[in-house]
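Work through the exercises below with the sequence and the 3D view side by side. Try each task before reading its solution.

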Amino acid sequence: EHLKHLHRLSTAHYESLNQVFADYLKTGSEVFQLALGMVFQVDGGTGVVRAMHGHSTRLYPNARLDLSKTRFSSIADRLRTRAYCQSADDPSLDPEFQICIATPILVDAELYGTLSFSAPSPGVVRTFSSEEKELIELMASGIGRTIFEDSIQSERKAAEGRERRRNRVLE
């Protein structure tokens, strides 16, 4: 079943990165059965929700959040796949991050952000299988590849535009 989702995500044609994020986040929320899916980026000492699926009163696209309220406060937390299966005793942690699976999104070997799926704690332990950890890593890889391809396309179009302008000047 997971392979079908990955295949569909990797072969779909998207008009924009926002469509990519929306499809991956919706699919991941359904697969992991967690209420929130997000692409989270660090900007200085705060985190920014770049894209989101699900409903939250505190979290929404472009919302800024103190990193200490997330599961991604350290660079070590952002550079590897992490799964948090139960409530944390940390009262500063935003409740939306109690149960969480997250992995880095790398673009050309650079950290772009974090792909995460999370939910408030239902009061029971939620375990994540090795297959689920591999799935989120493959999803993040697909997002990273799409972002990289999009940046290459943008650079190519900009170069073509510059070349056309140069040719007009020479005529």
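**Exercise 1: two helices side by side**

Describe which residues of H1 and H2 meet, and how the two helices are oriented.

Solution. On the H1 side, His2, His5, Arg8, Leu9 and Ser10 are in contact, meaning heavy atoms within 4.5 Å, with Asp23, Tyr24, Thr27 and Val31 of H2. Sorted by class, this contact holds three nonpolar, four polar and two charged residues, where Ala, Val, Leu, Ile, Met, Phe, Trp, Tyr, Cys and Pro count as nonpolar, Asp, Glu, Lys and Arg as charged, and the others, Gly among them, as polar. The model is predicted, so local features need pLDDT of at least 70 and side-chain atom pairs count only at pLDDT 80 or more, while totals for chains, interfaces and linings use all residues. Residues are numbered from 1 along each chain as its sequence is written, and side-chain values use heavy atoms, with hydrogens and water left out.

Next comes the geometry. Two packed helices are described by the angle between their axes and the distance between the axes. The axes of H1 (residues 2–11) and H2 come within 11 Å and cross at roughly 175°; these axes are lines fitted to C-alpha atoms, for helices over the stretch in contact, and angles run from 0 to 180 degrees between N-to-C directions. H1 and H2 are therefore roughly antiparallel to each other, a label for angles over 145 degrees, with under 35 counted as roughly parallel, 65 to 115 as roughly perpendicular and the rest as oblique.

**Exercise 2: the overall layout**

State how many helices and strands the protein has, and in what order the elements run.

Solution. There are four helices and six strands, which are DSSP runs numbered from the N terminus (helices H or I, at least four residues; strands E, at least two). From the N terminus on, the order is α-α-β-β-β-α-β-β-β-α.

**Exercise 3: aromatic pairs**

Find what joins H2 to E6 through the rings of Phe21 and Tyr112.

Solution. Rings of Phe, Tyr and Trp (its six-membered ring) pair if their centres lie within 6.5 Å, and planes under 30 degrees apart count as stacked, over 60 as edge-to-face and the rest as tilted. By this rule the count comes to four aromatic pairs. The ring centres of Phe21 and Tyr112 are 6.5 Å apart and the planes stand at 35°, so this pair is tilted. Because Phe21 lies in helix H2 (residues 17–32) and Tyr112 in strand E6 (residues 110–119), the pair ties together parts that are 91 residues apart in sequence.

A further tilted pair is formed by Phe32 and Phe117, at 5.2 Å centre to centre and with 40° between the planes. This pair also links distant parts of the chain, with Phe32 in H2 and Phe117 in E6, 85 residues apart. Phe32 is buried at 0% relative accessibility, where buried means under 20% relative accessible area, exposed over 50% and partly exposed in between (1.4 Å probe, protein chains only). Phe117 is likewise buried, with a relative accessible area of 0%.

**Exercise 4: the partners of Arg126**

Which polar contacts does the side chain of Arg126 make?

Solution. Arg126 lies in the loop between E6 and H4. A polar atom of the Arg126 side chain lies 2.6 Å from the backbone oxygen of Phe32, and the Arg126 side chain also makes a polar contact with the side chain of Glu132 (3.3 Å). A polar contact is a pair of N or O atoms within 3.5 Å; within protein, one must be able to donate a hydrogen and the other to accept it, and residues adjacent in sequence count only if both atoms are side-chain atoms.
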